[in-house]
Amino acid sequence: MTNYLDFERPLAEIEGKAEELRAMARQSEEMDIESEAAALDKKASDMLVDLYSKLTPWRKCQVARHPDRPHCKDYIAELFTEFTPLAGDRNFAEDLAIMGGLARLGDRPVMVIGHEKGHDTKSRIERNFGMARPEGYRKAIRLMELADKFNLPVISLVDTAGAYPGKGAEERGQSEAIARSTEKCLQIGVPMISIVIGEGGSGGAVAIAAANKVAMLEHSIYSVISPEGCASILWKNAEKMREAAEAMRLTAQDLHYLGVIERVISEPTGGAHRDRTATMSSVGRALEAMLGEMDGMDRKALIDARRKKFLDMGARGLAA
(Lines give C-alpha, C1' and ligand atoms only; values in the text may rest on other atoms or scores of the structure.)
Protein backbone atom coordinates (compact mmCIF):
# COMPACT_ATOMS: atom_id res chain seq x y z
CA MET A 1 0.00 0.00 0.00
CA THR A 2 1.41 3.37 -1.06
CA ASN A 3 1.66 6.09 1.58
CA TYR A 4 0.73 9.37 -0.10
CA LEU A 5 1.90 12.77 1.09
CA ASP A 6 -0.52 15.70 1.42
CA PHE A 7 0.39 17.25 -1.92
CA GLU A 8 0.00 13.85 -3.64
CA ARG A 9 -3.73 13.52 -2.90
CA PRO A 10 -4.87 14.21 -6.49
CA LEU A 11 -2.42 11.53 -7.62
CA ALA A 12 -3.79 9.12 -5.02
CA GLU A 13 -7.33 9.59 -6.37
CA ILE A 14 -6.31 8.80 -9.96
CA GLU A 15 -4.21 5.78 -9.03
CA GLY A 16 -7.03 4.60 -6.75
CA LYS A 17 -9.57 4.80 -9.58
CA ALA A 18 -7.29 2.79 -11.88
CA GLU A 19 -6.95 0.10 -9.22
CA GLU A 20 -10.71 0.04 -8.67
CA LEU A 21 -11.27 -0.59 -12.37
CA ARG A 22 -8.78 -3.45 -12.36
CA ALA A 23 -10.40 -4.92 -9.23
CA MET A 24 -13.78 -4.88 -10.97
CA ALA A 25 -12.27 -6.60 -14.02
CA ARG A 26 -10.79 -9.33 -11.83
CA GLN A 27 -14.28 -10.07 -10.52
CA SER A 28 -15.86 -10.20 -13.99
CA GLU A 29 -13.90 -11.63 -16.88
CA GLU A 30 -16.34 -10.08 -19.38
CA MET A 31 -15.34 -6.54 -18.47
CA ASP A 32 -12.69 -4.89 -20.65
CA ILE A 33 -11.39 -1.87 -18.82
CA GLU A 34 -7.71 -2.00 -19.76
CA SER A 35 -7.85 1.02 -22.08
CA GLU A 36 -9.56 3.17 -19.40
CA ALA A 37 -7.10 1.99 -16.73
CA ALA A 38 -4.14 2.65 -19.03
CA ALA A 39 -5.42 6.19 -19.64
CA LEU A 40 -5.62 6.76 -15.90
CA ASP A 41 -2.09 5.33 -15.49
CA LYS A 42 -0.82 7.78 -18.12
CA LYS A 43 -2.55 10.68 -16.38
CA ALA A 44 -1.09 9.62 -13.02
CA SER A 45 2.40 9.28 -14.50
CA ASP A 46 2.23 12.76 -16.04
CA MET A 47 0.95 14.22 -12.78
CA LEU A 48 3.78 12.55 -10.83
CA VAL A 49 6.38 14.05 -13.16
CA ASP A 50 4.73 17.47 -12.89
CA LEU A 51 4.51 17.37 -9.08
CA TYR A 52 8.14 16.36 -8.59
CA SER A 53 9.53 18.77 -11.19
CA LYS A 54 8.60 21.76 -9.02
CA LEU A 55 8.86 20.67 -5.39
CA THR A 56 9.04 23.51 -2.89
CA PRO A 57 11.56 23.24 -0.02
CA TRP A 58 8.76 22.28 2.37
CA ARG A 59 7.56 19.53 0.07
CA LYS A 60 11.12 18.25 -0.15
CA CYS A 61 11.09 18.07 3.66
CA GLN A 62 7.98 15.91 3.45
CA VAL A 63 9.56 13.61 0.86
CA ALA A 64 12.78 13.36 2.92
CA ARG A 65 10.69 12.17 5.88
CA HIS A 66 8.56 9.70 3.93
CA PRO A 67 8.18 6.54 6.03
CA ASP A 68 8.85 4.26 3.05
CA ARG A 69 12.20 5.76 2.07
CA PRO A 70 15.06 3.24 2.29
CA HIS A 71 16.94 3.59 5.57
CA CYS A 72 20.50 2.84 6.67
CA LYS A 73 19.77 -0.84 7.28
CA ASP A 74 18.41 -1.20 3.73
CA TYR A 75 21.49 0.42 2.16
CA ILE A 76 23.82 -1.80 4.16
CA ALA A 77 21.93 -4.93 3.08
CA GLU A 78 21.85 -3.86 -0.58
CA LEU A 79 25.27 -2.28 -1.15
CA PHE A 80 27.65 -4.00 1.26
CA THR A 81 28.76 -7.58 1.79
CA GLU A 82 30.22 -9.33 4.82
CA PHE A 83 28.71 -6.73 7.16
CA THR A 84 29.76 -7.39 10.74
CA PRO A 85 27.91 -5.13 13.21
CA LEU A 86 29.87 -3.65 16.10
CA ALA A 87 27.97 -2.53 19.17
CA GLY A 88 28.41 -0.46 22.31
CA ASP A 89 30.47 2.55 23.31
CA ARG A 90 32.50 0.65 25.98
CA ASN A 91 31.34 3.21 28.53
CA PHE A 92 27.60 3.10 29.09
CA ALA A 93 25.38 1.21 26.64
CA GLU A 94 24.49 0.26 23.10
CA ASP A 95 22.47 2.86 21.17
CA LEU A 96 20.38 1.36 18.38
CA ALA A 97 19.77 4.77 16.78
CA ILE A 98 23.29 4.52 15.30
CA MET A 99 24.38 1.29 13.69
CA GLY A 100 27.79 0.48 12.30
CA GLY A 101 30.35 -2.16 11.56
CA LEU A 102 32.89 -3.62 9.19
CA ALA A 103 31.85 -4.44 5.64
CA ARG A 104 32.97 -4.62 2.02
CA LEU A 105 31.95 -2.25 -0.75
CA GLY A 106 32.78 -4.37 -3.77
CA ASP A 107 36.27 -5.64 -3.00
CA ARG A 108 37.12 -2.73 -0.71
CA PRO A 109 36.92 -3.19 3.10
CA VAL A 110 35.25 -0.22 4.79
CA MET A 111 33.70 0.94 8.05
CA VAL A 112 30.00 1.84 7.76
CA ILE A 113 28.21 4.07 10.28
CA GLY A 114 24.67 5.39 10.01
CA HIS A 115 21.46 6.55 11.66
CA GLU A 116 18.63 4.02 11.59
CA LYS A 117 15.06 5.27 12.14
CA GLY A 118 13.24 1.93 11.95
CA HIS A 119 10.40 0.84 9.68
CA ASP A 120 7.47 0.06 11.97
CA THR A 121 6.24 1.13 15.39
CA LYS A 122 8.31 -1.41 17.30
CA SER A 123 11.59 -0.76 15.46
CA ARG A 124 11.09 3.01 15.53
CA ILE A 125 10.74 2.94 19.29
CA GLU A 126 13.78 0.66 19.62
CA ARG A 127 15.80 2.96 17.34
CA ASN A 128 14.44 6.10 19.03
CA PHE A 129 13.38 7.35 15.57
CA GLY A 130 17.03 7.73 14.59
CA MET A 131 17.74 10.28 17.33
CA ALA A 132 20.97 9.17 18.95
CA ARG A 133 21.99 9.56 22.58
CA PRO A 134 25.59 10.26 23.71
CA GLU A 135 26.47 6.58 23.71
CA GLY A 136 25.58 6.44 20.01
CA TYR A 137 28.09 9.14 19.16
CA ARG A 138 30.70 7.59 21.43
CA LYS A 139 30.17 4.33 19.56
CA ALA A 140 30.71 6.23 16.29
CA ILE A 141 33.97 7.64 17.70
CA ARG A 142 35.11 4.13 18.63
CA LEU A 143 34.36 2.83 15.14
CA MET A 144 36.15 5.75 13.46
CA GLU A 145 39.22 5.16 15.64
CA LEU A 146 39.14 1.49 14.66
CA ALA A 147 38.90 2.41 10.98
CA ASP A 148 41.80 4.83 11.35
CA LYS A 149 43.93 2.16 13.05
CA PHE A 150 43.39 -0.36 10.24
CA ASN A 151 43.37 2.18 7.39
CA LEU A 152 39.74 1.58 6.38
CA PRO A 153 37.65 4.24 4.58
CA VAL A 154 34.66 5.45 6.62
CA ILE A 155 31.21 5.72 5.04
CA SER A 156 28.42 7.38 7.01
CA LEU A 157 24.73 7.38 6.09
CA VAL A 158 22.92 10.33 7.65
CA ASP A 159 19.20 10.24 8.42
CA THR A 160 18.13 11.92 11.64
CA ALA A 161 15.94 14.77 12.79
CA GLY A 162 18.68 15.56 15.30
CA ALA A 163 20.34 14.23 18.42
CA TYR A 164 17.97 13.15 21.20
CA PRO A 165 17.36 16.11 23.58
CA GLY A 166 16.07 14.10 26.56
CA LYS A 167 17.07 14.66 30.17
CA GLY A 168 19.15 11.47 30.42
CA ALA A 169 21.03 12.27 27.22
CA GLU A 170 21.88 15.75 28.46
CA GLU A 171 23.01 14.38 31.82
CA ARG A 172 25.39 11.98 30.06
CA GLY A 173 26.98 14.77 28.01
CA GLN A 174 25.13 14.97 24.72
CA SER A 175 26.80 18.14 23.46
CA GLU A 176 30.27 16.90 24.47
CA ALA A 177 29.71 13.60 22.67
CA ILE A 178 28.58 15.40 19.49
CA ALA A 179 31.59 17.72 19.63
CA ARG A 180 34.01 14.80 20.16
CA SER A 181 32.46 12.87 17.28
CA THR A 182 32.73 15.89 14.97
CA GLU A 183 36.35 16.35 16.08
CA LYS A 184 37.10 12.70 15.37
CA CYS A 185 35.70 13.05 11.84
CA LEU A 186 38.24 15.81 11.24
CA GLN A 187 41.14 13.89 12.81
CA ILE A 188 41.08 10.49 11.12
CA GLY A 189 43.62 9.96 8.37
CA VAL A 190 41.46 7.79 6.10
CA PRO A 191 38.96 8.75 3.36
CA MET A 192 35.55 9.65 4.79
CA ILE A 193 32.34 9.96 2.80
CA SER A 194 28.93 10.98 4.15
CA ILE A 195 25.63 10.69 2.32
CA VAL A 196 22.43 12.33 3.55
CA ILE A 197 19.79 9.75 2.64
CA GLY A 198 16.83 11.49 4.29
CA GLU A 199 16.99 14.14 6.99
CA GLY A 200 20.26 15.70 8.07
CA GLY A 201 19.29 17.54 11.23
CA SER A 202 21.51 19.73 13.38
CA GLY A 203 24.59 18.52 15.27
CA GLY A 204 23.14 15.03 15.31
CA ALA A 205 23.92 14.86 11.59
CA VAL A 206 27.17 16.83 11.52
CA ALA A 207 28.64 14.55 14.21
CA ILE A 208 29.11 11.81 11.60
CA ALA A 209 29.13 14.01 8.48
CA ALA A 210 32.26 16.18 8.77
CA ALA A 211 33.70 14.23 5.85
CA ASN A 212 36.00 14.69 2.85
CA LYS A 213 33.04 14.23 0.54
CA VAL A 214 29.41 14.91 1.44
CA ALA A 215 26.61 13.98 -0.93
CA MET A 216 22.84 14.21 -0.66
CA LEU A 217 19.98 12.41 -2.32
CA GLU A 218 18.00 14.72 -4.57
CA HIS A 219 15.03 15.11 -2.20
CA SER A 220 16.89 14.97 1.12
CA ILE A 221 17.41 17.94 3.45
CA TYR A 222 20.34 19.13 5.59
CA SER A 223 20.05 21.98 8.07
CA VAL A 224 20.99 23.31 11.49
CA ILE A 225 17.40 22.95 12.74
CA SER A 226 14.08 21.62 11.48
CA PRO A 227 11.78 24.09 9.67
CA GLU A 228 9.23 23.69 12.48
CA GLY A 229 11.87 24.46 15.12
CA CYS A 230 13.10 27.47 13.18
CA ALA A 231 9.55 28.80 12.79
CA SER A 232 8.88 28.33 16.50
CA ILE A 233 11.95 30.39 17.38
CA LEU A 234 11.65 33.16 14.79
CA TRP A 235 7.88 33.57 14.52
CA LYS A 236 6.71 31.79 17.70
CA ASN A 237 4.52 29.75 15.37
CA ALA A 238 5.44 26.28 14.08
CA GLU A 239 2.84 26.69 11.30
CA LYS A 240 5.29 29.05 9.56
CA MET A 241 7.43 26.01 8.64
CA ARG A 242 6.91 26.58 4.90
CA GLU A 243 8.40 30.05 5.07
CA ALA A 244 11.22 28.75 7.28
CA ALA A 245 12.05 25.93 4.86
CA GLU A 246 12.22 28.44 2.00
CA ALA A 247 14.58 30.76 3.90
CA MET A 248 16.87 28.07 5.33
CA ARG A 249 18.30 26.87 1.99
CA LEU A 250 18.17 23.28 3.20
CA THR A 251 17.68 21.45 -0.11
CA ALA A 252 20.39 19.43 -1.82
CA GLN A 253 20.35 21.81 -4.79
CA ASP A 254 20.87 24.93 -2.64
CA LEU A 255 23.60 23.31 -0.56
CA HIS A 256 25.45 22.09 -3.65
CA TYR A 257 25.34 25.60 -5.08
CA LEU A 258 26.66 27.03 -1.80
CA GLY A 259 29.52 24.50 -1.66
CA VAL A 260 28.33 22.71 1.49
CA ILE A 261 28.09 19.38 -0.35
CA GLU A 262 29.99 17.96 -3.32
CA ARG A 263 27.34 15.90 -5.09
CA VAL A 264 23.57 15.54 -5.57
CA ILE A 265 22.45 11.96 -6.21
CA SER A 266 19.38 11.64 -8.43
CA GLU A 267 16.25 9.91 -7.18
CA PRO A 268 13.58 8.16 -9.28
CA THR A 269 10.58 10.28 -10.24
CA GLY A 270 8.33 10.35 -7.20
CA GLY A 271 11.15 9.99 -4.66
CA ALA A 272 13.40 7.24 -3.35
CA HIS A 273 10.47 5.29 -1.88
CA ARG A 274 8.94 4.65 -5.33
CA ASP A 275 11.97 2.71 -6.56
CA ARG A 276 14.15 1.75 -3.64
CA THR A 277 16.44 -0.55 -5.65
CA ALA A 278 17.25 2.14 -8.23
CA THR A 279 17.92 4.68 -5.48
CA MET A 280 20.30 2.40 -3.61
CA SER A 281 22.10 1.52 -6.85
CA SER A 282 22.64 5.25 -7.51
CA VAL A 283 24.07 5.68 -4.03
CA GLY A 284 26.39 2.71 -4.57
CA ARG A 285 27.75 4.19 -7.80
CA ALA A 286 28.27 7.56 -6.11
CA LEU A 287 30.18 5.92 -3.25
CA GLU A 288 32.48 4.07 -5.66
CA ALA A 289 33.12 7.27 -7.61
CA MET A 290 33.88 9.40 -4.55
CA LEU A 291 36.19 6.78 -3.05
CA GLY A 292 37.98 6.59 -6.40
CA GLU A 293 38.55 10.36 -6.31
CA MET A 294 40.54 9.93 -3.08
CA ASP A 295 42.62 6.95 -4.14
CA GLY A 296 46.31 7.65 -3.67
CA MET A 297 45.86 10.49 -1.14
CA ASP A 298 48.06 10.06 1.92
CA ARG A 299 47.02 10.62 5.53
CA LYS A 300 48.14 14.26 5.71
CA ALA A 301 46.53 15.19 2.40
CA LEU A 302 43.19 13.71 3.49
CA ILE A 303 43.17 15.55 6.82
CA ASP A 304 44.30 18.85 5.30
CA ALA A 305 41.73 18.69 2.49
CA ARG A 306 38.93 17.89 4.94
CA ARG A 307 39.82 20.75 7.28
CA LYS A 308 40.27 23.24 4.45
CA LYS A 309 36.88 22.31 3.06
CA PHE A 310 35.12 23.24 6.30
CA LEU A 311 37.22 26.34 6.94
CA ASP A 312 36.38 27.63 3.45
CA MET A 313 32.68 26.88 3.79
CA GLY A 314 30.40 29.88 3.39
CA ALA A 315 32.79 31.77 1.12
CA ARG A 316 30.19 31.96 -1.64
CA GLY A 317 27.74 33.70 0.66
CA LEU A 318 23.94 33.52 0.83
CA ALA A 319 23.32 36.63 -1.24
CA ALA A 320 24.13 34.81 -4.49
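In this predicted model, Pro 85 has Gly 101 in strand β2 as its bridge partner. The pairing of strand β1 (residues 81-85) with β2 is antiparallel and runs over 3 bridges. Strand β2 itself (residues 98-105) is mostly covered, as 6 of its 8 residues are buried.

**Nonpolar cores**

The largest nonpolar core holds 35 residues. Ile 113, Tyr 137, Met 144, Val 154, Tyr 222 and Ile 261 have the most contacts inside this core. Two or more residues each come from β3, α6 (134-149), β4 (154-160), α8 (174-187), β5 (192-201), β6 (213-217) and α12 (252-257). The most is given by α6, with 5 residues.

Which residues does Tyr 222 touch, leaving aside its neighbours within four places in sequence? Its contacts are Val 196, Gly 200, Ala 205, Val 206, Ala 209, Val 214, Met 216, Leu 250, Leu 255, Val 260 and Ile 261. One of these, Ile 261, is itself listed with Tyr 222 among the core residues with the most contacts.

**Second largest pocket**

The second largest pocket has a volume of about 240 Å³. Its lining consists of 14 residues, and Arg 65, Lys 117, Arg 124, Phe 129 and Glu 199 lie nearest the centre. Sorted by class, the lining has 6 charged, 5 nonpolar and 3 polar residues.

| Residue | Phi | Loop | Relative accessibility |
|---|---|---|---|
| Asn 151 | about 60° | between α6 and β4 | 57% |
| Lys 236 | about 55° | between α10 (227-234) and α11 (241-248) | 70% |

Asn 151 has a positive phi although it is not a glycine, and the positive phi of Lys 236 likewise belongs to a residue that is not a glycine. Is Asn 151 buried or exposed? Asn 151 counts as exposed because its relative accessibility is 57%, and the cut-off for exposed is over 50%. Lys 236 counts as exposed because its value is 70%.

Technical notes
Residues numbered from 1 in each chain as written. Predicted model: local features only at pLDDT ≥ 70, side-chain atom pairs only at ≥ 80, totals over all residues. Heavy atoms only, no water. Buried < 20%, exposed > 50% of the residue type's maximum accessible area, 1.4 Å probe, protein only. Helix = DSSP H or I, 4+ residues; strand = E, 2+ residues; numbered from the N terminus. Pairing = 2+ DSSP bridges. Core = buried A, V, L, I, M, F, W, Y, C linked by side-chain atoms within 4.5 Å. Contact = heavy atoms within 4.5 Å. 1 Å grid on protein atoms, 1.4 Å probe; cavity = no way out; pocket = protein on both sides within 12 Å on 5 of 7 lines; lining within 4 Å. Points joined across faces, edges and corners; volume = space filled by probe spheres on them. Nonpolar A, V, L, I, M, F, W, Y, C, P; charged D, E, K, R; others polar.
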